[in-house]
Amino acid sequence: MLLIRGFEDRVAALYRDGEVPGFVHLSTGQEASAVGACWPLRPGDVITSTHRGHGHCLAKGLSPVAMFAELMARDTGTNRGRGGSMHIADPSLGIFGANGIVGAGLPIAVGAATASRLRADNGLAVAFFGDGAVAQGAFHEAVNLAAVWRLPVVFWCEDNGYAEFSPAEAQHAVPLARRADGYGLTHLQVDGNDVEACVDTMARAAAQVRADGPPVLVEATTYRWHGHYEGDPERYRTADERERWKGRDPLLVHRARLLEAGVDATELDALVAAVDRELDEAVRTARAAPSPSVDSLHDFVVRPRPVVPEPTAPEPDAEPFRMMDAIHDALEVELTDDERTFVAGIDVGDGGNVFGLTRGLRDRFGDRVRDTPISETAIVGLGVGAAMAGMRPVVEIMYLDFVGVCLDQLLNQAAKLPFMTGGGAPMGLTVRTQFGAGRSSGSQHSQSLEALLAHIPGLSVVMPSTPADAYGLLRAAIQDPNPVVFIENRLTYGMKGPRPPRDHLLPIGRSAIVRAGTQITLVSVSRMVHEALAAAEAVAAEGLSVEVIDLRTVAPLDLGPVLESVGRTSRLLIAHEAVVPFGIGAEIAATVAREAFWSLDAPIERIGAAPTPAPYAPDLERAWLPDRDRIAEALRRLAAV
């Protein structure tokens, strides 16, 4: 507790003096909660934290030298200067990160607990959160999933009385104990300023969840002495209130207990002096450390991928199989070959997926194929946490449209944690989903949103067009050390193609020429590749030679073959199912215009859906969606320029 108090006091001074450049949220006054909760934990146990996470990280064993260096944006910091105060982490110590998004760590803790359950290592996860996070959907999804699966999780709420500037009583309609009852969790109340009480409470909670009891929700009542952030004017609370709580200072409470137990005051004073010396030296060491090199800007965004050579295409007369078979078989092979792999999502187990793609996998692999509640944030969050724990999760979002429900876990967690931890966070996560317009599925079940995801640094986005490619790319995605969103088109599930050999593997980030041509380059992806091929065949009868390129992956985008092709054909048409404005076609066009401008003999053309939501009425949908006829018309126009 002295270490945490002294650390926070020094951080306050460093921030005041401009040596800490970013946001700072101090945990001064909450030391007993952090120490008491972490004291009974084992080295392999995991914690997730909050934007006010310094105390939790120190209590779990993180070095104050490295933490000071991180806050001062030094290359020797815990996160190599990439995270700062709100993102302190060290996954090697089971510290899966403080978090700048309120409540985001709860589903990640559920993922870490899932990994422990699958490995049967008797580990547990502790999710620290503030009382304000109880209003977040991530809280409800996480505690419900943990309760349904009876996972070894302790949800530790530090109720410091305020959600940012608002008093807790103005934020919640019912007390936390009633919420715990509603989810079937054990609720424990503890004085968060009494370190011994916190130790006893966590020891009881840990014993219960390690013994396969229900998850535990602990409510630790405490108080933060500083404002929500450093510089907060604190107009929402009184000086009298602060002074009353300082009278319950956890350090003074415990010092008095030690003195009563016979510990000599000089021994305690010596301890205070020793901690002060340690922290002063830590500040000096951190201050002398170098800043990250500007040349390292791009480090830790994407982990190096294993080198995968382009395989030989399946023999045309090989046994045919469907796209849906390719997905099933790729999952089956990876589940067989790597015990770290598991599959989770809505109805993927007993139901075999809404399209029947995972049918039979639960019968063979048991709990490694897991049905979840309809909770997309919890689903992706458990994938993030399990991946950080070294597993190879494959989580399913039933429709691509639903990524809006769980975007934080993709945007701010999966994509950013490897970078914000300075490369410390493993993230071998695959998110399977599907899209596809043309069957009157309406505006919320038809969207092609790959450009939205491709815009997020750190995410890879894969969109196969054939059964063999789907098989090889899905296996590659599961084996990849980076988070991959694997997007299938449901209208292709019945499409047939030659079956490749079992070891077929495709490189992520490599496009392919699927039809040779000399006059126009036509670039497409996913189902629209087949419309492009049909259009190229149609205009070939008119003497027009079109080269068709299948991107296969839209992030990273492999434009080498496109540039080479345009160098030969001098004309470019891009066709995709997404609406045209701000789609991936714009990025392709911009790159070709910059890199191959002098090769172009005509303006670059793009074709895609109209800039409206997807219509329901079949006639409107046909008018909205590009097809082979419209692509062929665009090819003829381009050839005539």
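**Helix packing and salt bridges**

Helix 2 crosses helix 8 in a right-handed sense. The model is predicted. The two helices, residues 31-38 and residues 195-210, pack at an angle of about 35°, and their axes lie 7 Å apart. The salt bridges in the model number 40, and some of them are described below.

Contact of helix 2 with helix 8
- Helix 2 contributes Ala-32, Ser-33, Val-35, Gly-36 and Ala-37, which meet Val-195, Cys-198, Val-199 and Met-202 of helix 8.
- Sorted by class, this contact of helix 2 with helix 8 holds seven nonpolar residues, two polar residues and no charged residues.

Salt bridges with buried partners
- Glu-334 and Arg-475 form a salt bridge through their side chains, with an N to O distance of 2.8 Å.
- This pair links distant parts of the chain, since Glu-334 is in helix 12 (residues 323-337) and Arg-475 is in helix 18 (residues 467-479), 141 residues apart.
- Glu-334 is buried at 3% relative accessibility, and Arg-475 is buried with a relative accessible area of 7%.

- Arg-117 pairs with Asp-212 in a salt bridge whose closest N and O atoms are 3.5 Å apart.
- This pair also links distant parts of the chain: Arg-117 belongs to helix 5 (residues 105-119), while Asp-212 sits in the loop between helix 8 and strand 7 (216-221), 95 residues apart.
- Arg-117 is partly exposed at 27% relative accessible area, and Asp-212 is partly exposed at 45%.
- Asp-367 and Arg-362 are joined by a salt bridge of 3.6 Å, N to O.
- Asp-367 is partly exposed at 46% relative accessibility, as is Arg-362 with a relative accessible area of 25%.

Salt-bridge network
- Salt bridges link Arg-527, Glu-531, Glu-577 and Arg-628 in a network.

Notes. Residues numbered from 1 in each chain as written. Predicted model: local features only at pLDDT ≥ 70, side-chain atom pairs only at ≥ 80, totals over all residues. Heavy atoms only, no water. Axes fitted to C-alpha atoms, helices over the stretch in contact; angles between N-to-C directions. Helix = DSSP H or I, 4+ residues; strand = E, 2+ residues; numbered from the N terminus. Left-handed = near helix turned anticlockwise from the far one by under 90°. Contact = heavy atoms within 4.5 Å. Nonpolar A, V, L, I, M, F, W, Y, C, P; charged D, E, K, R; others polar. Salt bridge = Lys/Arg side-chain N within 4 Å of Asp/Glu carboxyl O. Buried < 20%, exposed > 50% of the residue type's maximum accessible area, 1.4 Å probe, protein only.
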